[in-house]
Amino acid sequence: MSIEKIIGLSPIIPVIVIKDVNDAVPLAKALLAGGIDIMEVTLRTNTALKAIELIAKEVPDMNVGAGTVCNEEDLIEAKKVGAKFVFSPGISKELIEASHIHEITLVPGVATASEVMLAQNNDIFFCKLFPASIVGGIKMLKALGGPFPKMRFCPTGGVNLDNMNEFLELENVLCIGGSWIVPDYMLKNKEFDKITQLCKEGLEKIKE
Ligand SMILES: O=C(O)C(=O)C[C@H](O)[C@H](O)COP(=O)(O)O
């Protein structure tokens, strides 16, 4: 999936940790019902790859990608099971090259000016800012806008329902990422309706 397509999807990108693989399909459907058609399933659990595979097969309207992709091997595995794109908390030459070789869109994470330079010198103009709130949040994004006017960001890490609009108002922010939209306890209790509700509330709040 191209970067243009990813950018054109939801302004909120849910960052998901799936522990029980049985939650994968109902969760993808709950997000879709709430108006969110993209999800980043982090490779933090040993069920993540299976979860991506199930979602890719059974919920075709969901654009599922892998998160926490830290090296070439992660990227290959993610692509093999049907991830349409990969997100990484960081950036490296290895990952950039792997994304070219294996033909899958990479959204790397950056936290410094040098990392933004590595991205744009490799023709990547859309990055995660991670961990957004810790590396300077709004002020950091405004500061990066000076030397890097073409770079666009998806701030993630400490971005939530209460502060997301401050981020989304910035010219260089296209969307935000966050785990808050799928709270751990809701997933544990299989409260999929509540997750749908949270998605609707989030999207509604952006419109305000
Ligand atoms: O695992 C990855 O690939 C990451 O990039 C980290 C996640 O994006 C953040 O941990 C989400 O941050 P919170 O919304 O504050 O929970």
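**Exercise 1.** In this predicted model, determine how far strand β2 (residues 38-42) is enclosed by the rest of the structure, and identify the strands with which β2 pairs.

*Solution.* Begin with burial: four of the five residues of β2 are buried, so the strand is largely enclosed by the rest of the structure. Next, consider the pairing, where strand β1 (residues 12-16) runs parallel to β2 and is joined to it by two bridges, while β2 and strand β3 (residues 63-67) are paired in the parallel sense over five bridges. Then follow E40 of β2, which stands opposite V15 and has G65 as its bridge partner in β3.

**Exercise 2.** Classify P108 as buried or exposed, and describe its surroundings.

*Solution.* Locate P108 in the loop between β5 (105-107) and β6 (109-110). Because 25 other C-beta atoms lie within 10 Å, and the cut-off for a buried residue is 20 or more, P108 is buried. Leaving aside neighbours within four places in sequence, the contacts of P108 include S88, G90, I91 and L95, together with A119, I124, C127 and K128. P89 is 19 residues from P108 along the chain, yet their C-alpha atoms are separated by 6.4 Å.

**Exercise 3.** Describe the residues around the ligand by number and class.

*Solution.* Count the shell, which holds 15 residues, the closest being G67, T68, P89, G178 and S179. Sorting the shell by class then gives five nonpolar and ten polar residues, with no charged ones.

Definitions and conventions:
Residues numbered from 1 in each chain as written. Predicted model: local features only at pLDDT ≥ 70, side-chain atom pairs only at ≥ 80, totals over all residues. Near = placed C-beta within 6 Å. Nonpolar A, V, L, I, M, F, W, Y, C, P; charged D, E, K, R; others polar. Buried ≥ 20, exposed ≤ 12 C-beta atoms within 10 Å, placed from the backbone. Contact = placed C-beta atoms within 7 Å. Pairing = 2+ DSSP bridges.
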